[in-house]
Amino acid sequence: MNWLFGSALRSTMVDPGRALAGRDGYAYDVPQTHTVLGTPLAGPWPEGTRVLYVAMGCFWGAERAFWQLPGVVTTAVGYQGGFTPYPTYEETCTGLTGHTEAVLVAYDPSVLSDDDVLRTFWESHDPTQGYRQGNDVGTQYRSAVYTTTPEQAEAAARTRAEYQPRLARAGFGDITTEIRPADEAGTFFYAEGYHQQYLDKNPNGYCGLGGTGVSCPRPTGA
């Protein structure tokens, strides 16, 4: 998607003092319902639902990877981890918001474990590329995990530690994924309606998602 906005070619994070000012609310309408799952994009969700935020390059393909998992309640794409309140897609693509293209994953932990959500995350992209993902270059394409529970934080650290040696043996470098609590990363700002479930609406649309081909370790017998 970076060919749309040449200014997206950013190799360093914007300083907070230079970030775009943003606004006090959305500049567009956010859809209420997931086009595939028929569930609310912003809740309410069933009691016990957990939410994890992940970023792994272009959010179109990333979102689809998660809505297909059994146990997922809903998914949505948005902007997170930066400084600009209520940014637009065009603003995020300048690199001047500090946000990454993120995916909200709401799931039933009795069906889909934290570890399994994170394994899908690790295996579906290359977490060693820094501020890029394949041909998509810029800080908005960085890899990130923003957790909402201590269990998720533990699972993120554990699966990262388990995955790194396998990546190294396959010739990849160090994992550059940003892992921190969602409270630190800041508000998840929902993206524009046409981005939500984009590859359901546009089955032949652009998808830059691509893994390394390296599998993440699973428990014996899993």
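Trainee: In E3, which residue is the bridge partner of Gly78?
Mentor: The partner of Gly78 in E3 is Ala102. Before going on: this is a predicted model, where local features need pLDDT of at least 70, side-chain atom pairs count only at pLDDT 80 or more, and totals for chains, interfaces and linings use all residues. Residues are numbered from 1 along each chain as its sequence is written, and side-chain values use heavy atoms, with hydrogens and water left out.

Trainee: How many bridges join E2 to E3?
Mentor: Eight bridges join them, with strand E2 at residues 72-80 and strand E3 at residues 100-107, running antiparallel. Two strands pair if DSSP finds at least two bridges between them. Thr74 is bridged to Ala106 of E3.

Trainee: And E1, which way does it pair with E3, parallel or antiparallel?
Mentor: E1 and E3 are antiparallel, over six bridges. Val51 has Ala106 as its bridge partner in E3.

Trainee: What is the strand order in the open sheet?
Mentor: The six strands go E7-E6-E1-E3-E2-E8, and the pairing is mixed. Strand E7 (178-181) and strand E8 (189-190) are the edge strands, each pairing on one side only.

Trainee: How many residues of E3 are buried?
Mentor: Eight of its eight residues are buried. Buried means under 20% relative accessible area, exposed over 50%, and partly exposed in between, with a 1.4 Å probe and protein chains only. Thr100, Ala102, Leu104 and Ala106 are on one side of E3, and Glu101, Val103, Val105 and Tyr107 are on the other.

Trainee: Which strands does H3 lie across?
Mentor: Helix H3 (residues 114-123) lies across strand E1 (50-56), E3, strand E6 (143-147) and E7. H3 runs at about 15° to E1. Axes are lines fitted to C-alpha atoms, for helices over the stretch in contact, and angles run from 0 to 180 degrees between N-to-C directions.

Trainee: How much of H3 is covered?
Mentor: Mostly covered, with eight of its ten residues buried. Among them are Val117, Leu118, Phe121 and Trp122. The buried residues of H3 pack against E1, helix H1 (59-67), E3, E6, H4 and E7. Contact here means heavy atoms within 4.5 Å.

Trainee: How far does H4 reach?
Mentor: Helix H4 (residues 150-169) has 20 residues and reaches 30 Å from its first C-alpha to its last. That is close to the 28 Å expected at 1.5 Å a residue; the expected span is 1.5 Å times one less than the number of residues.

Trainee: What do the buried residues of H4 pack against?
Mentor: They pack against E1, E3, H3, E6 and E7. Ala155, Thr159 and Tyr163 are among the buried residues of H4. Just after H4, Gly171 has a positive phi of about 95°.

Trainee: Changing topic. Why does Thr75 count as buried?
Mentor: Thr75 counts as buried because its relative accessible area is 0%. Thr75 lies in strand E2.

Trainee: Which residues does Thr75 touch?
Mentor: Leaving out residues up to four places away in sequence, Thr75 touches His34, Leu41, Glu63, Phe66, Trp67, Leu104 and Gln197. A polar contact of 2.8 Å joins its side chain to that of His34, and one of 2.9 Å joins the side chains of Thr75 and Glu63. A polar contact is a pair of N or O atoms within 3.5 Å; within protein, one must be able to donate a hydrogen and the other to accept it, and residues adjacent in sequence count only if both atoms are side-chain atoms.

Trainee: What about Gln133, where is that found?
Mentor: Gln133 is in strand E4 (residues 132-133). Gln133 is buried, with a relative accessible area of 4%. A polar atom of its side chain lies 2.7 Å from the backbone nitrogen of Asp126.

Trainee: Last one. Where does UniProt place the "active site" feature?
Mentor: The unreviewed UniProt entry places that feature at Cys58. UniProt positions are given in the numbering used here, feature names are shortened, and annotations may be inferred rather than shown by experiment. Cys58 sits in the loop between E1 and H1, and counts as buried at 5% relative accessibility.

Conventions:
Helices (H or I, at least four residues) and strands (E, at least two) are DSSP runs, numbered from the N terminus.
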